[in-house]
Structures are given as structure tokens and as C-alpha cells.
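Student: I have a model on my screen and want to learn how to read it. Can we go feature by feature?

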Amino acid sequence: MSDVLKILTATTDSRIADEIFIKGLNALPGNNIARNANIAVQALADAAPQDATEARLCMQETALYTQGMAYLFRAEKCEMLLQADFYMKAAIKLLRLHNETIEARSKYRRGGEQRVVVQHVQISNGGQAQKT
């Protein structure tokens with residue numbers, strides 16, 4: 001399993017790969033280890049991190065999203081307004097952090113560079129746009 005984790009986390013050190021995976025796994029909600037392991041493996045495979053930092057950010061994204069969605073579910077099921085409000089506010093904070101983590105990973109991967117694409121478009125009679 002360690003070799004697979006080294007590939008998934010884009011690291012050469014099995015201890016670092018294990019640490020990233022285990023900490024990410026432990027941050028996921030619920031007690032179903034097999035389900036959480038599948039979520040963690042799939043998240044890493046989909047993100048295809050290029051180094052350990054990206055792998056850590058990927059696991060952070062996954063934990064924040066999963067916990068945020070769990071809190072939204074709990075808010076929906078609460079009968080007491082005070083509890084529902086608590087879960088809703090916690091979910092909003094977690095999902096905002098999730099979005100910020102996605103941005104951080106994207107910025108890290110780009111090396112901090114921003115890219116702006118400018119296209120000139122002309123609209124001719126009949127409403128057809130043409131690039132120039």
C-alpha cells in the first residue's frame with residue numbers, strides 16, 4: 001500500500017505519504033474506515049498532486065468538503081432551531097475554507113502566476129460573433 005500512497009501523494013518517502021493519507025483519513029467524518037479510505041484515494045487520484053504540498057491541500061479540501069456537507073445534512077435533520085443554526089453556520093465556514101483551499105492549491109500549482117486571456121469579438125448583422 002505504501003508504494004501506491006507514494007504515487008498518489010507524489011512523494012518518494014513512504015513515511016510522508018503515510019502521514020498525508022492517515023491524517024487526511026482521520027479528518028474525514030464518520031466511522032466507516034473503508035468508505036473514508038475510498039474517498040481519500042479517489043480524491044488524490046482525481047487531483048493528481050504534483051508534490052506533497054499539493055497532496056496535503058487535496059486531503060484538506062476533501063475533509064473540509066465532506067465535513068461541511070455532513071453538517072448541512074445535520075442542519076436539515078435538526079428539530080431544534082438553535083442546533084440547526086449551529087450546524088448551518090459551521091457548514092458555511094467549512095465550505096468557505098474548502099473553496100479557499102481549492103484556490104490555494106490552484107495558485108500553488110500555477111506558481112502564483114495569474115493568466116488573463118483577452119479576446120476581441122465583433123458582432124456582425126444577424127448576431128453572429130466572430131473572433132478577430
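Tutor: Let us begin with one residue. His98 sits in helix H5, which covers residues 81-110. Keep in mind that this is a predicted model.

Student: Is His98 buried or exposed?

Tutor: Look at relative accessible area. Buried means under 20%. His98 has 12%, so it counts as buried.

Student: Which residues does His98 touch, beyond those up to four places away in sequence?

Tutor: A contact needs heavy atoms within 4.5 Å. With that sequence neighbourhood set aside, His98 touches Glu61, Leu64 and Tyr65.

Student: Let me step back. How many helices and strands does the chain have?

Tutor: Five helices and two strands. Their order along the sequence is α-α-α-α-α-β-β. The radius of gyration is 20 Å, while the globule rule gives 14 Å for 132 residues, so the chain is more spread out than a compact globule.

Student: What box do the C-alpha atoms fill?

Tutor: Roughly 60 × 50 × 25 Å, along the principal axes.

Student: What share of the residues is buried?

Tutor: Of the 132 residues in the chain, 32% are buried. For the surface, look at the accessible area. That is about 9,300 Å², with 53% belonging to carbon and sulfur atoms.

Student: How do I read contacts across the sequence?

Tutor: Ask how far apart the partners are in sequence. Residues 24 or more positions apart account for 50% of them.

Student: Show me a residue with several partners.

Tutor: Take Ile20, in helix H2, residues 14-27. Ile20 is buried, with a relative accessible area of 3%.

Student: How far is Ile20 from Asn31 in space?

Tutor: They are 19 Å apart, C-alpha to C-alpha, and 11 residues apart in sequence. Now try another pair. Arg74 and Lys6 are 68 residues apart in sequence and 35 Å apart in space, again C-alpha to C-alpha. Arg74 belongs to helix H4, residues 52-77. Arg74 is partly exposed, at 39% relative accessible area.

Student: How many charged side chains are there?

Tutor: The chain has 16 positive and 14 negative ones. The centres of the two sets lie 3 Å apart.

Student: And how many aromatic pairs?

Tutor: The structure holds two. One is Phe86 with Tyr87, at 5.3 Å centre to centre and 70 degrees between the planes. Planes over 60 degrees apart count as edge-to-face, so this pair is edge-to-face. Ring pairs link Tyr71, Phe86 and Tyr87 into a cluster. Tyr87 is buried, with a relative accessible area of 18%.

Student: What should I look for in the backbone?

Tutor: Most residues other than glycine have a negative phi. Ala10 lies in the loop between helix H1 (2-9) and H2. Its relative accessible area is 31%, which makes Ala10 partly exposed.

Student: Where is Ala48, and what is its phi?

Tutor: Ala48 is in the loop between helix H3 (33-47) and H4. Its phi is positive too, about 45 degrees, although Ala48 is not a glycine. Ala48 counts as partly exposed, at 43% relative accessibility.

Technical notes:
Residues numbered from 1 in each chain as written. Predicted model: local features only at pLDDT ≥ 70, side-chain atom pairs only at ≥ 80, totals over all residues. Heavy atoms only, no water. Helix = DSSP H or I, 4+ residues; strand = E, 2+ residues; numbered from the N terminus. Rg over C-alpha atoms; globule rule 2.2 N^0.38 Å. Buried < 20%, exposed > 50% of the residue type's maximum accessible area, 1.4 Å probe, protein only. Areas by Shrake-Rupley, 256 points an atom, 1.4 Å probe, with all protein chains shown as cover. Lys, Arg positive; Asp, Glu negative; His and termini not counted. Charge placed at Lys NZ, Arg CZ, Asp CG, Glu CD. Phe/Tyr/Trp six-rings, centres within 6.5 Å; stacked < 30°, edge-to-face > 60°.
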